Amino acid sequence: MAKPFPKVSMIQFLRSALSILKNPLPFHKRNFEAKGDTFQLKIGFSRSVLFSRDARFAQHALQKNQKNYQKSPIQTKDLAKYVGRGLLTANGEHWAKQRKLIQPAFHKKNLHGLLHKVDEVIQKELSKIEPEKTFDIFPVFNDLAFNTVVQALFSNVIDQQDINRLQNITERNQRMMVKELRQPYLNWWFHLSGALKNALNESLEARQILSKLIDARIASETRHDDLLDMLLDARYEDDTAMSQEQLIDEILILFIAGHETTSNALTFTAALLARNPKIQEKLYVEALKAQEESDLLKKIKKLTYTNQVINEAMRLYPPAYFIDRISIDDDQFEEFEIEAGTNILFSIFEIHRHTDFWEQPDTFNPDRFADDSLKYSPYYYPFGAGPRMCIGNNFAMYEMVLAVSQVICKFKIQEEASPIAINPLITLKPKDVLLTFIPRDRE
């Protein structure tokens, strides 16, 4: 006979509503410790969600029986109303059609041609670091990641005013969506006050900016061999191109998925390195040797320890700290029955720190990834898993490896004596990461 999932009542949810709004992770952790690795939370009179930190359950839903689990309304409705129906927010046939169309643009051979653009942006943005001054590094990495996506998409054919506005809208829309998700009982107020309408109007403005840029590219008849050219060249099986509306949907998602997670991961990596000077020095030795390589893809392949460091940082602080799914048909996992239409949130943050799967899980130890095996384990999900694994994972890793290598070549990083603080929004964001960068040539 099937076992019911342990339940957390709506009353407990409402009692913790204010703390959940600020940071839901402690609430989840308390319930995992009290109820087990999967529990059911009632969040409304007719709504409930399964929360799980069971890596085997995640593997079941994301890989082994992935056809029965699709994106939940959090992405297909809540996020889609801001960014449209692109890869991140689509399900079923539409998702499969778009994935097949866009995948070639992210093949390693195409990314190789973009690396010089990425490297130039990294150099430019890192030059903004003020040496020997303690400051929050996140804005620097945030601008670096956003401008890297802009450069990869549009080369230099976009003015700074449009870049700034797109970045501002992207971040404001995320804050609005977080309010909607964590305060569903205030949805009436978001409509009545005009807050939701204002956010959606800003989304429309972002689409208009992108439409102008696409029209200008088509009219120019000039090739830049960037991602926009690749997406304009892409053809479905019937030899038709994407509509402009669909193209804008995909570009908006590239902005969100391509800059948000990367800036978070780089900031957490810097914070961890500041607290581990021996690991910094090991990185520095590797980075100096790799500087001799002019081919950027070959250089990245030589930066193996840098890759391990970034993977370990994403284990401790996964930018995509939860993965949502909804079951299509009834299913069974071990002794539990999962009804059709069940909403599930897998806590990647908890899976990555689970004592059943990781030795000394709270310790920063890049040597875990020395043989690459853990990158593909069922306990490690920085880019998701299965057919819906992030399409830009190679691009993100190339960018981060180059950025970390450049930082370490130029600076020693020192930290303020304080714990690493987090701000869980749509992604896991760092909070007040105060670091000091000491130029190596002044040692």
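This is a predicted model: local features need pLDDT of at least 70, side-chain atom pairs count only at pLDDT 80 or more; totals for chains, interfaces and linings use all residues.
Gln183 lies in the loop that runs between helix α9 and helix α10 (187–192).

- Leaving aside residues up to four places away in sequence, Gln183 touches Leu21 and Phe190.
- Although Gln183 and Leu14 are 169 residues apart along the chain, their C-alpha atoms are separated by 9.9 Å.

**Helix α5 and its buried face**
- Helix α5, which spans residues 73–83, has Ile74, Gln75, Leu79, Ala80, Tyr82 and Val83 as buried residues.
- Viewed down the axis of α5, these buried residues fall within an arc of 155°, so they line one face of the helix.
- The partners against which the buried residues of α5 pack are the helices α9 (160–182), α11 (195–220) and α13 (244–274), together with the strands β6 (322–327) and β9 (343–347).

**Helices α8 and α18**
- Helix α8 (residues 138–154) packs with helix α18 (residues 393–410) at an angle of about 130°, and their axes are 12 Å apart.
- This angle makes α8 oblique to α18, and the crossing of the two helices is right-handed.
- On the α8 side, Phe141, Leu144, Ala145, Thr148 and Ala152 meet Phe395, Glu399 and Val407 of α18, a contact that comprises six nonpolar, one polar and one charged residues.

Note on methods: Residues are numbered from 1 along each chain as its sequence is written. Side-chain values use heavy atoms; hydrogens and water are left out. Axes are lines fitted to C-alpha atoms, for helices over the stretch in contact, and angles run from 0 to 180 degrees between N-to-C directions. Helices (H or I, at least four residues) and strands (E, at least two) are DSSP runs, numbered from the N terminus. Angles under 35 degrees count as roughly parallel, over 145 as roughly antiparallel, 65 to 115 as roughly perpendicular and the rest as oblique. A crossing is left-handed if the near helix is turned anticlockwise from the far one by less than a right angle, and right-handed if clockwise. Contact means heavy atoms within 4.5 Å. Ala, Val, Leu, Ile, Met, Phe, Trp, Tyr, Cys and Pro count as nonpolar, Asp, Glu, Lys and Arg as charged, and the others, Gly among them, as polar. Buried means under 20% relative accessible area, exposed over 50%, partly exposed in between (1.4 Å probe, protein chains only). The arc is that of the directions from the helix axis to the C-beta atoms.
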